[in-house]
Amino acid sequence: MPDKHPKPQLSLVKNSAGADAAAQSSAVKVRNFSAYYGKNCIISDVSLDLPEKGVTCLLGPSGTGKSTLLRWINRINEETENASFSGSINVLGLDVLEGYPDVTELRRRTGMVFQQPCVFPCSIYDNMLMGLRNRKLSKSDARAIIEQSLKSAAIWDEIAHRLEDPATSLSLGQQQRLCIARALVLKPSILLLDEPTASIDPVSSRAIEDLVISLGKDIAVIMVTHNIIQAKRIADHVIFLCDGKIVEQGTRTHMFSMRSSEKTRTYITEEFCDC
Amino acid sequence: MFKARNRRHFSEQCFALAARLSLIICAGILLFLLGSIFIQGISALSLEFLFTPSSSFGKSGGIFYQLFGSLLMVLVAALLVLPLALGTALFRNSYNNNTGLAHVMDQSLYALNAIPSVTYGIFGLIFFVNLLNTGISWFVGSIILAIMMLPTVTLSSYQAMAAIPKIYHENAAALGLTRTQIVRRVTLPQSFHGVVTGLLIGLSRAIGETAPIMFIATAFSGVTVPQSLVEPVSTLPTHILELAQQSTDPQALQNAWGASLTLVLLAATFSGLALFLRSRLNSEGHQ
């Protein structure tokens, strides 16, 4: 019986010209994608490929459709009123609409962490258990997975002795790492991060950045940010979006030292975009 | 310019005075009413009064069966209304994507809330007692009270659900939880206080109602603990009504005050619990 969700063989997309070549080995393939809220077009005719491993930063000023694009990859935007899209998004070899008739399967394969740390008002352990509800696991197996995920999210040492404490008792930085750990229990192939450090302090931000770099070695991490310094620190691949269009994309080296677009140069050096 | 400032200052003073006066009048009426009931009723109130059956058409004895009847009817009404209100609120909050239908639902609930309570009684009389031939039944009374409470409990539950930040739903959905699992794991636990608050507010209103149950569920005297669903009970509001008709008798009047105070205390207990839960909900929301 053929695998319903075949694992793509990937290599990093080197630059915009190399995008098509890498299309066969991408975790996410986006083709002629436009996104709308009601009649407002937020993203217009975007095509891109996101590699199977490594950290991809969607960079650009506010309101350029970075989060919207991210939110369509796991169809979480379906929950938003008047949101729609045209074109196609292919995640792990399957079309997000036709390949995943059960959207929950898509979401289990693509973990997501939002801008605001959001823990459920229950214990730390129950928060971690939330994603495992669909899997019939023994208590010891569930505990092992939870421990592993907390270790992967570099928070185990801080909270191992207080798993039964309310998750709301953690600091914001810890809550955000807990959210990442909570997403990791599902062992996703792709992790979507929507400005995960936007509302936390610099020390916690650095901890999360280190975590993102470490996770990027094994899975595809797609992170929205408008923090240029952060993108420079953590990204393997950068996609610069402006006014709902891709201005330029490529490896970190390409984007931060050999960039060709004037708009990219202005944004990266002056943190200003006139598009 | 000086005159204009003086005029503005004067109008502000007048407005503040009018607002204070309104508050004093409202609080005064409430205090007078509650104070009268308390002062007149406290002398009748005792454990013996609460746990002794009435006799001589209420003139002597206590209010045991009336208290029992009232509590039985409203608690069964609560059991009937809770799943219905919760289901409606959940549909409105989590399953309905049609804004037109949501609008119709809201308007219908507000309209249902505005119907005079006696109309519910007449409906019960025509539909249950006459058409379905149930006879005078405390259970029919509970059904009618449940219908009467439905808008309050539904709207309160829905508002509690709608107040849950959308980010919780999105986080749960992003973890691969199905809609039903999100309802069970996120919506219901987080709106629990709001649902119970609505239920208690509904109960505090229902327990004092006389008109909707007078024709269909209660008897003025001679009833004890009902042995089946289709027997009448006696309730505090109808007992007070009966005693008020004998107000020339000092003993009946004294018992009427005692029964009134008991009813007020019951309603206040439900309202107080609702207030407590609401304040707890608010404080949790600010955390």
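Reader: In what kind of crossing does helix 7 of chain B pass helix 8 of chain B, left-handed or right-handed?
Author: The crossing is right-handed. Please bear in mind throughout that this is a predicted model.

Reader: At roughly what angle do the axes of those two helices of chain B cross?
Author: The axes of helix 7 (residues 166-174) and helix 8 (residues 179-206) of chain B cross at roughly 160 degrees, and they come within 10 Å. Helix 7 and helix 8 of chain B are therefore roughly antiparallel to each other, as angles over 145 degrees count as roughly antiparallel.

Reader: Which residues meet there, in helix 7 and helix 8 of chain B?
Author: Helix 7 of chain B brings Tyr168(B), His169(B), Ala172(B) and Ala173(B), and these meet Ile182(B), Arg185(B), Val186(B) and Gln190(B) in helix 8 of chain B. Sorted by class, this contact has 5 nonpolar, 2 polar and 1 charged residues.

Reader: And chain B in general: how many helices and strands does its secondary structure come to?
Author: Chain B has 11 helices and 2 strands. Along the sequence, the pattern is α-α-β-β-α-α-α-α-α-α-α-α-α.

Reader: What box do the C-alpha atoms of chain B fill?
Author: Taken along the principal axes, the box is roughly 65 × 65 × 35 Å. Chain B has 287 residues, and 39% of them are buried. Of the contacts in chain B between residues at least 6 apart in sequence, 76% join residues at least 24 apart.

Reader: How many residues does the contact take from chain A and from chain B?
Author: Chain A gives 19 residues to the contact and chain B gives 17 residues. On the side of chain A that touches chain B, helix 3 (residues 103-109) of chain A gives the most, with 3 residues. That side of chain A has 8 nonpolar, 6 polar and 5 charged residues.

Reader: Let us turn to the sheets of chain A. What is the order of the 4 strands in the open sheet?
Author: The order is 2-1-4-5, and the pairing is antiparallel. Strand 2 (40-51) and strand 5 (94-95) of chain A are the edge strands, each pairing on one side only.

Reader: How many bridges join strand 1 of chain A to strand 4 of chain A?
Author: Strand 1 (residues 26-37) and strand 4 of chain A are joined by 8 bridges and run antiparallel. One pair of bridge partners is Ser34(A) and Ser86(A), the latter in strand 4 of chain A.

Reader: And what joins strand 4 to strand 5 of chain A?
Author: There are 2 bridges between strand 4 (residues 83-91) and strand 5 of chain A, again in an antiparallel arrangement. Val91(A) stands opposite Leu94(A) of strand 5. The hairpin of these strands has 2 residues between them, and Leu92(A) takes a positive phi near 50 degrees there.

Reader: What order has the open sheet of 6 strands in chain A?
Author: Its strands follow the order 6-7-8-3-9-10, with mixed pairing. The edge strands are strand 6 (110-113) and strand 10 (245-251) of chain A. From one strand to the next, the twist averages 15 degrees.

Reader: In which sense do strand 7 and strand 8 of chain A pair, parallel or antiparallel?
Author: Strand 7 (residues 190-194) and strand 8 (residues 220-225) of chain A pair in the parallel sense, over 5 bridges. Leu191(A) stands opposite Val221(A) in strand 8 of chain A.

Reader: Which strands of chain A does helix 8 of chain A touch?
Author: Helix 8 (residues 202-215) of chain A packs on the sheet and touches strand 3 (54-59), strand 7 and strand 8 of chain A. The direction of helix 8 makes about 145 degrees with that of strand 8 of chain A. Helix 7 (residues 172-184) of chain A lies across strand 6 and strand 7 of chain A, at about 165 degrees to strand 6.

Reader: Is Ile200(A) buried or exposed?
Author: Ile200(A) is buried, because 21 other C-beta atoms lie within 10 Å and 20 or more are enough to count as buried. Leaving aside residues up to four places away in sequence, Ile200(A) touches Leu172(A), Gly173(A), Gln176(A) and Ser205(A). Ser171(A) is 29 residues from Ile200(A) in sequence and 9.3 Å from Ile200(A) in space, C-alpha to C-alpha.

Note on methods:
Residues are numbered from 1 along each chain as its sequence is written. Chains are lettered from A and ligands numbered from 1 in the order in which they are written. This is a predicted model: local features need pLDDT of at least 70, side-chain atom pairs count only at pLDDT 80 or more; totals for chains, interfaces and linings use all residues. Axes are lines fitted to C-alpha atoms, for helices over the stretch in contact, and angles run from 0 to 180 degrees between N-to-C directions. Angles under 35 degrees count as roughly parallel, over 145 as roughly antiparallel, 65 to 115 as roughly perpendicular and the rest as oblique. A crossing is left-handed if the near helix is turned anticlockwise from the far one by less than a right angle, and right-handed if clockwise. Two residues are in contact if their C-beta atoms, placed from the backbone, lie within 7 Å. Ala, Val, Leu, Ile, Met, Phe, Trp, Tyr, Cys and Pro count as nonpolar, Asp, Glu, Lys and Arg as charged, and the others, Gly among them, as polar. Two strands pair if DSSP finds at least two bridges between them. A residue is buried if 20 or more other C-beta atoms lie within 10 Å of its own, exposed if 12 or fewer, and partly exposed in between; C-beta atoms are placed from the backbone.
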